[in-house]
Amino acid sequence: MKFKRQRMDDGGVNLTPLIDVVFLLLIFFMVSTTFTKESRLNLELPSAQGEPALQDANVLEVVIDASGHYRVNEQALLDHTIESLMAAMRELAGSDNELPVIITADANSPHQSVITAMDAAGRLGFAKLSLTTQDPNLTSPDAEAVDRKSTSAK
């Protein structure tokens with residue numbers, strides 16, 4: 001008995017090689033793409049130039065040293081928390097929150113200490129807040145070139 005051979009119908013497209021190529025392209029793009037980009041923020045800090053402000057006789061001066069410890073009108077605080085800073089400022093100023101507050105911070109003091117001093121002044125209602133800076137044109141650190149830039153505490 002003779003069997004007829006069945007012909008294969010070539011009317012369809014074989015998708016197996018196409019799927020293989022798509023997977024290879026997907027793997028290639030996944031490996032070659034960077035998902036996280038490392039970015040760096042370049043800051044150029046402003047310099048302070050200008051005429052020094054007139055020194056008031058009755059001011060509240062907060063000095064911050066390089067380690068972040070506070071002195072309020074030449075009186076050292078036992079700890080460097082915001083509560084003790086606010087208590088010292090309240091004790092020295094009394095109920096007069098119209099006193100100008102001058103914040104003098106070391107160049108190497110932590111930024112958080114300066115922000116804490118500004119926050120303490122703002123919480124107590126002091127509106128006249130000044131930051132002490134040094135004139136960048138003078139090279140001698142002993143030179144008496146101090147500028148005070150005024151801001152308002154909120």
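Predicted model: local features only at pLDDT ≥ 70, side-chain atom pairs only at ≥ 80, totals over all residues.
Biologist: What makes α2 oblique to α3?

Modeller: Helix α2 (residues 82-93) and helix α3 (residues 111-123) pack at an angle of about 50 degrees, with their axes 10 Å apart. Angles under 35 degrees count as roughly parallel and those of 65 to 115 as roughly perpendicular, so the angle makes α2 oblique to α3. The crossing of the two helices, α2 and α3, is right-handed.

Biologist: Which residues make the contact?

Modeller: On the α2 side they are I82, L85, M86 and M89, while α3 contributes T116, A117, D119, A120, A121 and R123. Sorted by class, this contact has seven nonpolar residues, one polar residue and two charged residues.

Biologist: What do the buried residues of α2 pack against?

Modeller: They pack against the strands β1 (60-64), β2 (70-72) and β4 (101-105), and also against α3. The buried residues of α2 include I82, L85, M86 and M89.

Biologist: Why is L124 called buried?

Modeller: L124 has a relative accessible area of 18%, and buried means under 20%, so L124 is counted as buried. Its place is in the loop between α3 and β5 (128-134).

Biologist: How do you know that L124 touches M86, and which other residues does L124 touch?

Modeller: Contact means heavy atoms within 4.5 Å, and by that rule L124 touches M86, M89, R90 and N97, leaving aside residues up to four places away in sequence. The C-alpha atoms of L124 and M86 are separated by 7.3 Å, although the two residues are 38 residues apart along the chain.

Methods. Residues numbered from 1 in each chain as written. Heavy atoms only, no water. Axes fitted to C-alpha atoms, helices over the stretch in contact; angles between N-to-C directions. Helix = DSSP H or I, 4+ residues; strand = E, 2+ residues; numbered from the N terminus. Parallel < 35°, antiparallel > 145°, perpendicular 65-115°, else oblique. Left-handed = near helix turned anticlockwise from the far one by under 90°. Nonpolar A, V, L, I, M, F, W, Y, C, P; charged D, E, K, R; others polar. Buried < 20%, exposed > 50% of the residue type's maximum accessible area, 1.4 Å probe, protein only.
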